[in-house]
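Work through the exercises below with the sequence and the coordinates at hand. Each task is followed by a stepwise solution.

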Amino acid sequence: MAAQTHTRQHPAFYAILVMLIFMAVGPIVLMLINSFKLDVDIISGTGGLLFLPTIQNYETALCDVLPYELDHLDFCALKFGGAFVNSLIIALVSTLLTLIIGCMAAYALVRFRFMGRDVASVSTLMLRMVPPAVLLVPVFGLWNNEFCLDRDGLLGGAIRDTFGGRGDVCLAGTHSGIILIYVAMNLPFVIWILQSFIVQVPRQLEEAARMDGAGPFQVFFLVVLPLIKPGLAAAAIFTFRIAWNEYLLASALSDRDTKTVPILIVNNMSEFNVEWGVIMATGMLLAIPPIVFTLFASRQIITGMTAGAVKG
Amino acid sequence: MKSTLNRLTPYVFFMPAAVIMIIALFYPLLYMIWGSFRRWSPSQQIGETEFVGLRNYISLWNDPNFAESMGVTLKFAVSVVTIEMLLGVGLALLLDRNIRGMSVLRTLFILPMMIAPVVVGLMWRYIYHPTIGTFNRFLDTIGVERVDWLGQNALMSVIIADIWQWTPFIFILSLAALQSLPQSALEASRIDGATGWQQIWHIKIPLMMPVLIVTCLLRLIDAFKVLEVILVMTEGGPGLSTEILALRISRTATEFRELGVAAAMSNYLLILLMLLTAAMFTYTKLQEARANRLRMAVEADD
């Protein structure tokens with residue numbers, strides 16, 4: 001983008017701009033402020049900004065990973081640290097897998113004519129629309145009952161011997177089970193978005209590389225991939241966002257040890273007496289990674305959004 | 001040898017994606033359709049369940065709660081999309097000029113979309129809280145009577161929260177569309193003496209139309225997917241007033257433990273979404289065909 005000259009506008013436009021920014025960020029700032037307040041301060045509500053900031057809420061939320069004992073807490077009920085690690089593993093691994101598998105598939109759809117290409121392309125587009133709620137029932141059933149290894153079998157027996165537990169070894173309750181459904185859910189979207197970036201790679205470059213004796217995989221990984229980096233960045237952010245934020249399927253598939261952060265927040269919300277300060281702190285911790293992405297990569301996000309929508 | 005390898009290349013590239021999508025999307029969808037014809041509780045293997053034919057579908061069709069939930073879903077989706085389109089496109093038209101601070105606005109505008117729906121629901125549940133919430137405190141300060149946000153007006157409150165979260169999406173897409181309009185057309189109309197409003201109605205909006213329609217359909221499809229925000233804010237209540245279909249599916253499966261009925265419900269939702277997708281698909285195909293015809297006509301003229 002070239003250096004822009006800003007023409008002077010009517011002050012009213014700046015007023016609108018400021019108001020819009022206030023409206024967009026207001027609720028988030030409100031949550032940030034409240035996460036530093038004690039519940040007493042939140043409920044009494046005297047003076048919006050006049051309070052003693054405290055990190056006690058964050059300490060309560062992270063009590064299972066803090067190296068020191070907390071005075072105000074005799075029992076660590078909220079296992080936020082563990083859930084955070086689960087969320088991180090699931091989101092990062094599924095994003096990585098989705099990107100690798102997705103960009104290969106997008107490349108095949110754009111650059112090759114092969115049997116079944118049209119079917120593959122149309123069904124990918126249709127699968128993009130399947131909402132998580134629709135997948136809930138079948139995924140719950142399959143992951144619990146069918147995608148299992150027999151406990152008496154070779155591999156299943158080995159897993160049972162190492163990790164203990166009863167019954168057959170099933171996908172439900174494992175990190176891999178959640179990762180599998182996230183990869184599948186995000187693939188259609190990633191393929192769709194990357195197609196529009198791969199189309200723009202000049203064919204001559206690939207042909208030149210092939211002339212120099214590069215095989216199809218070398219062409220793809222050494223020539224095409226570096227050129228679609230912006231597209232990959234956009235796709236990565238969107239995939240990570242869904243895997244990081246998703247609640248419904250994770251809640252159906254996870255057990256005590258594989259809970260992700262959204263599940264933790266919802267479980268704590270539905271209690272009768274909501275501890276606002278602590279819950280705002282957990283919410284803030286969950287929101288931080290996406291906020292950081294947005295502030296540093298807004299250009300890529302906007303490119304990705306427009307590429308996804310404009311190229312129907 | 002070399003040529004068979006080359007012929008296999010596209011399959012090798014597409015295979016991993018195909019395998020995963022078949023195992024974790026296609027097969028589950030078929031499994032769901034199969035399950036929707038059975039009486040199925042979560043503790044049963046699907047093989048042990050009883051085949052009941054279309055009974056799940058028929059009883060849903062006659063179930064007033066399901067009808068209510070469907071009504072809420074449609075009301076939610078239609079009002080959210082309409083208001084967001086009007087606001088988003090309006091703001092884009094208004095702010096499509098060189099203003100300092102525009103890029104800041106765009107960056108901050110994406111934030112609501114990127115944050116977890118669970119967190120969005122949490123924020124708004126606090127804002128709407130009857131006694132300590134921001135809105136009612138503000139009403140107290142200016143001396144207006146409190147509003148029962150998540151009680152009597154729950155659906156409206158949920159709609160407002162969604163508008164906050166998703167209007168920026170439409171704003172950013174329409175702004176991108178506006179800024180890629182051919183400058184020559186705008187220039188020509190200005191020379192012909194068109195006023196600002198005439199430019200908007202006769203040039204900008206018609207030229208933006210393809211993007212706007214796709215955006216609108218994308219948003220509509222997404223509006224049927226909303227679940228977490230509402231779950232955290234109201235849990236579908238009070239009564240059934242905010243129980244959208246996605247929420248009802250998850251409650252039927254987990255609370256009422258009737259997987260067969262939930263599967264049938266999912267199928268109704270899926271059919272609805274497939275129709276919308278098909279509409280979008282046909283629309284883009286038609287658009288491409290029209291563009292091709294125009295190009296052919298131009299080339300024939302040369």
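Predicted model: local features only at pLDDT ≥ 70, side-chain atom pairs only at ≥ 80, totals over all residues.

Residues are numbered from 1 along each chain as its sequence is written, while chains are lettered from A and ligands numbered from 1 in the order in which they are written.

**Exercise 1.** Describe the secondary structure and burial of chain A.

Solution. Step one: take helices (H or I, at least four residues) and strands (E, at least two) as DSSP runs, numbered from the N terminus. Chain A then has 14 helices and 2 strands. Step two: call a residue buried if 20 or more other C-beta atoms, placed from the backbone, lie within 10 Å of its own. Of the 312 residues in chain A, 43% are buried.

**Exercise 2.** Classify the packing of H4(A) on H8(A).

Solution. For H4 (residues 80-111) and H8 (residues 175-198) of chain A, the axes are 6 Å apart at an angle of about 40°. Step two: angles under 35 degrees count as roughly parallel, over 145 as roughly antiparallel, 65 to 115 as roughly perpendicular, and the rest as oblique. H4(A) is therefore oblique to H8(A). Step three: the crossing is right-handed (the near helix is turned clockwise from the far one by less than a right angle).

**Exercise 3.** Characterise the side of chain B that touches chain A.

Solution. Step one: count residues as in contact if their C-beta atoms, placed from the backbone, lie within 7 Å. This gives 77 residues of chain B against 77 residues of chain A. Step two: the largest share on the chain B side, 17 residues, belongs to H1 (residues 2-35) of chain B. Step three: sort by class, with Ala, Val, Leu, Ile, Met, Phe, Trp, Tyr, Cys and Pro nonpolar, Asp, Glu, Lys and Arg charged, and the others, Gly among them, polar. The chain B side has 59 nonpolar, 12 polar and 6 charged residues.

**Exercise 4.** Is H11(B) enclosed or open?

Solution. Step one: in H11 (residues 245-254) of chain B, 8 of the 10 residues are buried, so this helix is largely enclosed by the rest of the structure. Among the buried residues are Arg248(B) and Ile249(B). Step two: the cover includes H6 (132-146) and H12 (248-253) of chain A, along with H3 (64-95), H10 (228-233) and H12 (259-301) of chain B.

Conventions:
Axes fitted to C-alpha atoms, helices over the stretch in contact; angles between N-to-C directions. Contact = placed C-beta atoms within 7 Å. Buried ≥ 20, exposed ≤ 12 C-beta atoms within 10 Å, placed from the backbone.
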